[in-house]
Every structure is written in C-alpha cells, then in structure tokens.
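Subject: Structure handover

Hello,

Please find the structure below, followed by notes on what was found in it.

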Amino acid sequence: MTLHIYNTMTRRKEPFISIHPDKVNMYVCGPTVYDYIHIGNARPQIFFDVVRRYLETLGYNVNYVVNFTDVDDRLIRKAAELGSTVPEVADRFIQAFYEDIDGIGVRRASQNPRVMDNMSEITAYIAELVERGFAYESGGDVYFHTKKFHDYGKLSHQNIEELQLGIRIEVDERKENPEDFVLWKAAKPGEISWPSPWGDGRPGWHIECSAMARKYLGETLDIHGGGQDLQFPHHECEVAQSESITGKPLANVWMHNGYIHINNEKMSKSLGNGVLVKDLRKQYQPAALRYFMLATHYRNPLNFSEEAMVQAEKSVSRIANAMANVQHALQMVTNGAGAEAVHEQEPDDTLQAKLAGILDTFDAKMRDDFNTADAITAMFEWASEANTYLQQGAQGAQQTGNLQALLDAFEAMNDVLGLVMDQEDELLDEEVDQLIQERNDARKAKNWARADEIRDLLTAQGILLEDTPQGVRWRRK
C-alpha cells in the first residue's frame, strides 16, 4: 500500500515518492525564540514528529531539520526589555523549547540550525539573487523583485494583482513595487548586525529558511512543512527565492497543519488568550496534549478548551491503563522468566489474526495522509481487545505468547503516535508497601470498609491501585 500525502501546492493527495530511495529530507519551520512556545507552536512540532516516526517505520532514513529564528525585531525588543543581548535571549528560549518538546514526547530533530550561525550562507544567497536580477538594493536594504518571478503566488493560489487588492501592504518608498519583500535590513543604531555587501544589517525572515534548507538538505526537499499561517507570505516567498535561483521545485510535497482556536476564538496576543506549553505540562498529562493534537486530522482546525483536555486525559489513560495491565499480567505470568522464554511461545491464531487486523487498519489510516484521528481508533480497538483478553483470565501454554503479542502490537502503534510516554519506574516506600499488603489482607477477610479506607489513603498519597485478574497493580497519579 502506497503512502499518499495531501500536497498544498497541487491541492490533492499524491503518492509519495522520495527523491532518493530509503531517504527523506524534511524541513519544518521552527519557532522564533523570543519567548516560551505556545500551543500553536506545539501542533506542528507534535504532528511532524509523528510524520517523521511513521516514515521511519516505513524504512526511510529521515533527515529532519527544524530551524530556529534567533534574530528579529521581537528578539531585539525582548533583549532590551530584559536588559540582555539577542544571543542570550535566543539561548534562553532555545533551552526552554527543548525542555517543552522533550516534555511532550517530541523527538529532537536531526538538526536545528540557527540564523546567526548561517549568516555567510544567507548573505551569499542574497548576493546571488541580486546578481541574477531577482533582487535589488535600496538605501542599504535589499528587496526581492516579485514581478521577476512569474509564478509568485502559486503555493497560496493567488496572483500579484489579487495580493495587491486583498492584502494590506505597508507603503515603503524604497521598494520598486509594494508587494516586494525584504531580504536584508539595514542596521539601525544600537541593533545587532552583521557585515554584508550592502552595509551592516540583518536578514529578512523569508530568506533565512531558503538558505538553510539548501545548505542542510539540498536544492529540492522531499517535504516542506509548517503551520497553515506560514503558507503566505513565508512559504510563498521561500518558493520565489529558491526557485528563482535553482529553477527546480523547492519541495516536492508541501504540508500545512490547521489553525488552533482557544475556546472558539482565534488565538492572538491582542486577545491575550495564548496558552503556553510549559503551563499545560504542569496542568495536564503531557501525553494528553499529544492526544488532543492527534485526535483531529492535521489539516483541520483545532479548538482548545479545558473540556477537550480533560477528555484527552481520560482517553490517554484508557489506552495507557490497558497497556500497563498487559505488562503487569505478563510479569505475573512469567514470574521472572527471561525475554527469550517469553518469545518462545507463539500467540494463538485467533488473537494473532485480530491483532494483524488492528495493525493493518492502523497502517492504512496512516498511509492515507497521516490520518492520526482514525489511527487512534485502532489503538482503542487494541485496548478493547487487551481488556477482553485479561478479563477472561486466560490460562494455558500460549498465555505468555499472547500477552507478548498484545504488547508488540501496541508498541508498533505507540512508536508512531507516542500516546503513552516512557516514565521512570518508581518504588513504593516501606509504609505504602505495608498499606497495600494490609489492604490485600482486608480483602481476603472481606473487610471491605478497611480495604476501601486504605485505597482512599493511598489515593491521597498519589498512589492509584488497580485490581486485575493477575493481582493488584499500582501506579503514580
């Protein structure tokens, strides 16, 4: 079965064929590191993390680049506000970015290039555009001449005339045409700057990604991604800059995730309704944020609310608890047997067929433009199958093989979606251990009141107990 991806450029799903066999070059626009990332920043980080994971399960070696914009007006203002420097501000919030994405189970990109580390490549790129007649210098600034690139607007499916009528463009006498965009900004007094053939200054936003994408991934990418808000003007301008020089497509596939609204309102600074990932990680299970993002198809808009997050937590817990119960059952059954002994037993044919069907469904949904919403349904089917198997209290020679097959199927799906995140094992202290044993004794004596009392006491200490056919299992709240 072939992987199909919706291509923003062509507005249709297309079979995915990588430029190089078994290798995918993917570039996704990263954050401007002047503050902590918000939920809108998190959506592409989570979604394209899943894209990368799934491509790897298909056997591709994915070179995944996510850039940092570490110099612009916002960083300059933040540095002045904090009495710091632009590099110091960038370092601080890059570290915060890593803490946030690590905390929500996003695997780090292959490379995270920074603008300040690639200034020579950026100025050389601009110089090449000037030399070819696609850009011009004016008063120390350099602008891209949009009318010289005849396909300008092809990604967003607009033409220059429509852009002039429908988009408010700041009047600037230094431009030859209102829709021309800046490649190099002349330095203002006191601002951070770098030398260039046109005088000291710093790059415009759009040129940064064109230069870094070419440096780290080549002239044509397999996939270029980002949020829908970047389609125009950022990605449109990237196309114009890059293809003016190479005459080749900047990317064979363009992917854009949908917007996020907060309580049915557009998220914006003016409304003061931004939600930071660092705050969400404290308030909810980090896996719940992944679930919230992936339970809706990536091209559709998302509406964030407390109710949605509470439901996401419940859904994640249902899947995680089923997985943990299977793990616990396997541990109890094997009674310390080694992994080799477990894998010696084959699962029974009926269970094997059911799991194969679940995995086939999961794979079919992921191959259909990364339909994570329906792929999650397959994980719930797995949870139902696992719970049914455990409730039956199955016995027999194939039990370890069946339990291991359940876990293997779960891990195959979870390795892609990451809905159950790794956690360090925690040991009960002696007091809690004694309480659990006391509760077991109370249940044997049918002293249900005392058993419930101990359960409540343990719950208050953040210890949740689950009675399974294989015995009591505990976990931290």
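Where is the place of His157? His157 sits in the loop between β6 (141-144) and α5 (160-166); helices (H or I, at least four residues) and strands (E, at least two) are DSSP runs, numbered from the N terminus. This is a predicted model, in which local features need pLDDT of at least 70 and side-chain atom pairs count only at pLDDT 80 or more, while totals for chains, interfaces and linings use all residues. Residues are numbered from 1 along each chain as its sequence is written, and side-chain values use heavy atoms, with hydrogens and water left out.

Backbone points

His157 is not a glycine, yet its phi is positive, about 60°. With a relative accessible area of 45%, His157 is partly exposed (buried means under 20% relative accessible area, exposed over 50%, partly exposed in between; 1.4 Å probe, protein chains only). Phe370 also has a positive phi, near 50°, and is a residue other than glycine. Phe370 belongs to the loop between α12 (349-367) and α13 (372-391) and is buried, at 0% relative accessibility. The peptide bond joining Phe232 and Pro233 is cis, with omega about 10°, and Pro233 lies in helix α7 (residues 231-246).

Arg439, in helix α15 (residues 430-444), is buried with a relative accessible area of 2%. Not counting residues up to four places away in sequence, Arg439 touches Ala451, Ile454, Arg455, Leu465, Asp467 and Val472 (contact means heavy atoms within 4.5 Å).

Helix packing

The axes of α12 and helix α14 (residues 399-417) come within 10 Å and cross at roughly 5°; axes are lines fitted to C-alpha atoms, for helices over the stretch in contact, and angles run from 0 to 180 degrees between N-to-C directions. The two helices, α12 and α14, are therefore roughly parallel (angles under 35 degrees). Residues making the contact include Leu355 and Phe362 of α12 and Leu406 and Met413 of α14. The contact residues divide into 13 nonpolar, 1 polar and no charged (Ala, Val, Leu, Ile, Met, Phe, Trp, Tyr, Cys and Pro count as nonpolar, Asp, Glu, Lys and Arg as charged, and the others, Gly among them, as polar).

Regards

Note on methods
Parallel < 35°, antiparallel > 145°, perpendicular 65-115°, else oblique.
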